[in-house]
There are 2 protein chains.
Amino acid sequence: MRISELARRSGVPVGTVKYYLREGLLPAGEPTAATQAQYGEDHVARLALIRALLGTGGLSISTARAVLAAVDDPALSPHDMIGAAHSALPTMAENERPDLSTAQAHLRRWEWQVHEDSPAVSSLAQGLLALQAAGFDTTDQMLDRYARAAHELGEQDVAEVPMDSPAEAVRYVVIGTLLLEPVLLALRRLAHEDVSARRLST
Amino acid sequence: MRISELARRSGVPVGTVKYYLREGLLPAGEPTAATQAQYGEDHVARLALIRALLGTGGLSISTARAVLAAVDDPALSPHDMIGAAHSALPTMAENERPDLSTAQAHLRRWEWQVHEDSPAVSSLAQGLLALQAAGFDTTDQMLDRYARAAHELGEQDVAEVPMDSPAEAVRYVVIGTLLLEPVLLALRRLAHEDVSARRLST
DNA sequence: CATTATTAGACAGCTTAACTTTCTAACTAC
DNA sequence: GTAGTTAGAAAGTTAAGCTGTCTAATAATG
C-alpha cells in the first residue's frame, strides 16, 4: 500500500507518518521509484506500537527510538535481553544525581540482586527523595510491602516471557514492562476506591 | 524572609517562584508594602511539594494546581476526600473516549465497588487498549494477578491514612497516591532484574 | 497522450508548556 | 543619598511534537 492508505489504515496523518519515518521510528517502505514506496502490514502494526509507546507509554520520540531499536535487535541471552530492554526504557533525566545510598540500603535489606548503577535504582532513589521532600514519611514497613508486591508481580512476569524466540522475548519484555505500568497504576487507584467504598458501607 | 531568600532556601530561581505565584501554585506572601512581601517556612515546604509534583510526579502546571487545591481544601468525609483527591489526580486526556466495556467487565469479575465513570476506569481501559494495539495479549489470569497485587497494596494504603485530621488525610492520600507511583514502578523493574539474575545464576 | 492526483524528501512554520528575561516604579538598607 | 531589592506585568526563550508548503517525479484515468 502507499503512504496515504497506510495513514488511513493506522489513523495517523500522512505528515506525522513522514515525521516518524524521518525520526527513525518507522522503517522506510520498499521504494518502487524515486518518489514512491510500498508499505505493508508490518508498517501498520509498527505504527500502532509507536502510538502506544508515545501515547499511553508516555515516551518521548528519542526514548521511543531507543526502545524500538531494542525491540528490533536480535538479542543475546535472556538475561541480557531483559537488561538491554530495561536500559532502553525511560527513566529520569540523567543530569539528576540523587543520593543512592538509601535506595541501595533497602535493596540490600531485601537481598535483591541488582546492579548498583542500574537506572531503576536512580528512579527509586529519586522517588524516595520526592516523598521526603513532600513531607511524606515512608516507613520501612511500607516499603517492604511495596517491594514484596512488586517482587511477586515481577516473578510471574518473568515466568511468562516466551524464551523460545529472542526477538519475541525482547518485544514481550519491553512492551510488557512499559505498557503494563499504566494498567498497574490504574488498578491501584481503583483498588483505593473499592477499599474506601467498602469501609464506608460496613 | 523575602523572595530572594525563599529562592535560595528552596533552590528554585526567583523568576520561577514568581511564575508559580502567578500560576496560583504558591500562595502569595504577606505584603509589607507595594513592592515587598514576606514569606515563611510554609512557603519553603510548599515549594518542595510543588517541585515534587511537577518533577517526580510528572504533573503539568494546571493539574498540579488542581491537586494542590484539593490538598488545601478542608474536605468532607474520608471517602469523599479520597474521591476528591482522585478526581484531582492526573489521568489521560479527556478528549479520548476509549471503550470502557472490557475494563468494566474485569471490574465486575473482581467485584470491585467503583464508579463506572471514575477517571481511573478510563485509564485502565486505555491501558488495556494500548496493550492490545501493541500486539500484547493480556490473559484474564495475568490481569487477575495485577488486580490482586494492586488490591493488597490499596488495602494497606487506605488503612494507613490518618483519619484524625481531614486536611492531613487529603494531603496523605494525594501525595501517597501520586508520589508512590514512581516508587512502585521502579520496584517492579528492579524486581524484574532480580528475578532474572536469580534465574541465570541457578 | 493529456490531465489530475499522489508521493518522497527537505525545510520552514506552528502550538503548547514551562520557564526566563526585561522592564518600571516602588521600596529597603546602609 | 545611593546602591541594591522587589512586585507585577509583559515579552522572549527553548524544546517537543507535530503540521504545512514546496518541488520534482510518478501514477491513475479517460
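Okay, quick definition before anything else: a polar contact here is a pair of N or O atoms within 3.5 Å, and within protein one must be able to donate a hydrogen and the other to accept it, with residues adjacent in sequence counting only if both atoms are side-chain atoms. With that in hand, look at B:Arg22, where a polar side-chain atom sits 3.0 Å from a base oxygen of DNA strand C.

Some housekeeping. This is a predicted model, so to speak of local features we need pLDDT of at least 70, and side-chain atom pairs count only at pLDDT 80 or more, while totals for chains, interfaces and linings use all residues. Residues are numbered from 1 along each chain as its sequence is written, chains are lettered from A and ligands numbered from 1 in the order in which they are written, and side-chain values use heavy atoms, leaving out hydrogens and water.

Now the two protein chains. Contact, meaning heavy atoms within 4.5 Å, takes in 75 residues from chain A and 75 from chain B. There are 8 salt bridges between them, each a side-chain nitrogen of Lys or Arg within 4 Å of a carboxyl oxygen of Asp or Glu. One to click on is A:Glu181 with B:Arg189, closest N and O atoms 2.9 Å apart. And going by polar contacts, we get 26 residue pairs between chains A and B, both residues at pLDDT 80 or more.
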